[in-house]
Amino acid sequence: MEDLGRIYQLIIPVMGHNITLNLDVILMTWIVIALLLVFGYLTVRNRGVRPHGLQILGEMFVSQLYALTEDALDKEMAKKYAPLITALFMFLLLCNWIGMIPHMHEPTKDLNTPLSLGIMGFFIAHYAGIKSKGIKQYLKEYCEPIFLMAPLNVIGELSKIISISFRLFGNIMGGAIIVLVVSYLVYSIILPPFLIAFFSIFIGAIQAFVFTMLTVVYISVQVK
Amino acid sequence: MAVEGADIIKAAAFLGAGLAMGLGAIGPGVGEGMAAAKTCEAIGKNPQEAGLLTRTMLVGQAVSESTGIYSLVIALLLLFVV
Amino acid sequence: MLNDIQTWINVAAYTGGGMAMGLGAIGAAIGEGYTAAQANAAVSRNTELSGDILKSMLVGQAIAESASIFALVIAILLLFLSVSNPSLLTAAALFGGGLCMGFGAIGSGVGSGFPAGQACKGLVRQPQVAGKLTTNMLIGSAVCQTPAIFSMVVALMLIFIDFSGAPLLPTWAALIGAGLSTGLAAIGSGFGGGLAAGASCEGVARQPETVGNVTTIMLIGQAVSQTASIFGLLISFVLMFKSYPESAALTASMCLLAAGISSGFGGIGPGIGNGMAAEGAVRWVARDVENAGGLMRTMLVGQAVSQSTAIYAMVVSLCLIFVV
């Protein structure tokens, strides 16, 4: 039970402010990034016209997510944003799945990871919007239906960051807590593996996909 | 255990914030779900217009979410300003 | 009179037990009634199948009943429990546990009536796929029970964990808030999961060959519908296990109670809305199976957007607990 709130932190005092680093999360994120790099390297090492082995898996990821981006944006935009979307999905998927391994934690269980990804998506979407519509049209849209609504429209946009990041955080954290508590209640007999299968594999994959989809959708809403 | 007036007012503000956001979340949740259900139906009938229908759904949902955002604004005002 | 702790514990346990069973009976009764009504309509269409329909109805009702059986278990526990370390906080915890289970059983009870009713209706339409239909109904209504199981877990923790070391004054509100959060949030998710499962049974009866896709989309839709109750559960655990400084001010207590109310009520609407979105998607996957991928994507986006108010409610709860 006491595992619930324990976080390993490195606190560096700099000029009266404390800079707090969550070592667990940083380490896990690096492990995920390293695994993805290794996966990328192994995928393209023996590439051929007839895909085999890992190359099939890699091509599947890329082509599926490319098609998804193309559906939501148009062909030109997809070329630009599909690599980002593919990388985002693969990163989130591995982040959500890595908690299945004992002694590993999902980096997405810490609010900082989803929040920074959400802020990143927000800025990319608005950059794309300004670029495709021009700054004048972009600003004008905030004054719909009348200019008095502008503050509420801005809050509405900002709340997208909250909803996208807290959705991922809440699901992964909730799943982790349920697994922990139920394991404690039934003395780790029989039930926990099924719960881990449900929450890690199933919910983790769905939420990674939802996060990616929403980033695409936010971009497409800004662009169109 | 003397309860002071300011304490009661603050407590009421917090309770009000919880009620405002909690009850205010019901309507938009159901309404946006209805929009999504109807969009799925429309895509089922007319699959080639999926992109247009999804965008229309998102705009409609954004409008019906505005009451939820008003609740959020009121709740945050009650928490931090009042 | 305030000093008589045992009296207050008994008062809380008995009212809590009454609430658990009273509220917990609402959902299952409505769900089973819906099943029976659909079964009657089905028998009137084809009286020769009445035996099969009766069997299917009873199996479906047995599952719909499980939510109220959880409530019965909690109510009996509350009535006959002897508390080892009595304090006024135990009274709050027992009352919170009763409320949690009572509210939590409503949604799942009503929800699992839908797949059972649709299965009876479908049986008369396509008697030869009875096996597939029953399997699909069982999976659907079992997943519907998840929110009720969450409520039961929280109720059991409130009843059996010894909170007596914590300071009474803000913690009583945290414990009741924890019960309300999971219990109320489970209403929407249970109901919504039922809508999706009902549509999938209807779909299987219409197009039995699409059963694989229909069941998959149903499970994904239900899993996303449960997000609202997972948020409620998260807030409950934070409320139960955070330690609070003692404070006689009303403000501190009301903060914690309001946190539970906010995330609890906030989960109802999005849970139902997500279920509706899943219902629409599952129904049309059954009719137009080539388009399953596109429908699933639209469903997920629609559900994600309609969840956002539940997320705002969770954020307000977290602000109430940690910031204020």
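Visitor: On what conventions does the reading rest?

Guide: This is a predicted model, in which local features need pLDDT of at least 70, side-chain atom pairs count only at pLDDT 80 or more, and totals for chains, interfaces and linings use all residues. Residues are numbered from 1 along each chain as its sequence is written, while chains are lettered from A and ligands numbered from 1 in the order in which they are written.

Visitor: How many residues of chain C are in contact with chain B?

Guide: Two residues are in contact if their C-beta atoms, placed from the backbone, lie within 7 Å. By that criterion, 48 residues of chain C are in contact with 43 residues of chain B. Helices H9 (250–287), H10 (292–306) and H11 (308–323) of chain C each give two or more residues to this side; helices here are DSSP runs (H or I, at least four residues), numbered from the N terminus. H9(C) provides the largest share, 26 residues. By class, the side of chain C that touches chain B has 28 nonpolar, 17 polar and three charged residues. Ala, Val, Leu, Ile, Met, Phe, Trp, Tyr, Cys and Pro count as nonpolar, Asp, Glu, Lys and Arg as charged, and the others, Gly among them, as polar.

Visitor: At what angle do H1(B) and H11(C) pack?

Guide: Two packed helices are described by the angle between their axes and the distance between the axes. Axes are lines fitted to C-alpha atoms over the stretch in contact, and angles run from 0 to 180 degrees between N-to-C directions. H1 (residues 5–24) of chain B and H11(C) pack at about 165°, with axes 9 Å apart. H1(B) is therefore roughly antiparallel to H11(C), a term for angles over 145 degrees. The contact is made by Phe14(B), Ala17(B), Gly18(B), Met21(B) and Gly22(B) of H1(B) with Tyr312(C), Ala313(C), Val316(C) and Leu320(C) of H11(C).

Visitor: Is Gly22(C) buried, exposed or partly exposed?

Guide: A residue is buried if 20 or more other C-beta atoms, placed from the backbone, lie within 10 Å of its own, exposed if 12 or fewer, and partly exposed in between. Gly22(C), in helix H1 (residues 5–45) of chain C, is partly exposed because 13 other C-beta atoms lie within 10 Å.

Methods. Parallel < 35°, antiparallel > 145°, perpendicular 65-115°, else oblique.
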